[in-house]
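Please look at the sequence and the structure side by side, and keep both in view while you read.

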Amino acid sequence: GESPTEETVAVIGLGRFGSAVAESLTRLGHEVLAVDERPDIVQKASETLTHVVQADSTEAAVLAQLGVGEFDHVVVAIGTDIEASVLTVLACEEVGVREIWAKAINAKHGQILHRTGAHHVVYPEAAMGERVAHLVSGKMLDFIEFDDGFAIVKTKAPAEAVGRTLAESKLRSKYGVTVVGVKQPGQDFTYATPDTVIAAEDTLIVSGATTKVEAFASTT
Ligand code: ADP
């Protein structure tokens, strides 16, 4: 149905990443046009998506015919074939797409995509690899990094904070991090206040500069 927040999104390239993007957008209630040049991929995607077309996205005329220029957003999810990825971003730009998102497989590819007109470039493999590295090697239970080196992590409670209020343990002045939320086993997260007392078995949500939260998590 037409909800006020419904957006139209074209997803080009239905590999593992593109199909995950298209399926999530559909589940969130957006109107999705999915495009791939391979008939077998299109056939498979049609099982879960409503609008799937087989087309070569490197041709601006093809995109124009599909009405891609009228979409609110386009996600170019072609990775391995860098030439096809770059030509598709160019073609999107040519047909007047308002907002182009593109997946890059490395930094050079990402630079080229920016230069060719992509407004947002994502590096799903590098980003997930970094996240997993934090989870495997550190004490973090979860890790999300935003642009500009800011992160939010889920950690265990550090011993020095146990049995004290957040005001008493002075984690902000000592480590430069802010405890945002606290969770006791089996309970929901609550927002942290200066009066929140930390227990040994608590899980914390902590935010701050990436290097600061990394240093903090390694003490837990
Ligand atoms: P992933 O790593 O997420 O699986 P891939 O780069 O392997 O991503 O997959 C990209 C998809 O894009 C493939 O399904 C491929 O058929 C499709 N594709 C590649 N070139 C074009 C093109 N010119 N037009 C449309 N689809 C394309």
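Leaving aside residues up to four places away in sequence, His73 touches Glu7, Val9, Glu99 and Trp101, where contact means that the C-beta atoms of two residues, placed from the backbone, lie within 7 Å. This is a predicted model, in which local features need pLDDT of at least 70 and side-chain atom pairs count only at pLDDT 80 or more, while totals for chains, interfaces and linings use all residues. Residues are numbered from 1 along each chain as its sequence is written.

His73 belongs to strand 4, residues 73–76 (strands are DSSP runs of E with at least two residues, helices runs of H or I with at least four, numbered from the N terminus).

In helix 9, residues 210–217, the buried residues are Val213, Phe216 and Ala217. They lie on the same side of helix 9 because they cover an arc of only 95 degrees around the axis, taken from the directions from the helix axis to the C-beta atoms. Their cover includes strand 7, strand 8, helix 8 and strand 11.

Finally, 20 residues surround the ligand, the closest being Gly13, Gly15, Phe17, Gly79 and Ala84, where near means a C-beta atom, placed from the backbone, within 6 Å. Helix 1 gives the largest share of this shell, three residues.

Notes: A residue is buried if 20 or more other C-beta atoms lie within 10 Å of its own, exposed if 12 or fewer, and partly exposed in between; C-beta atoms are placed from the backbone.
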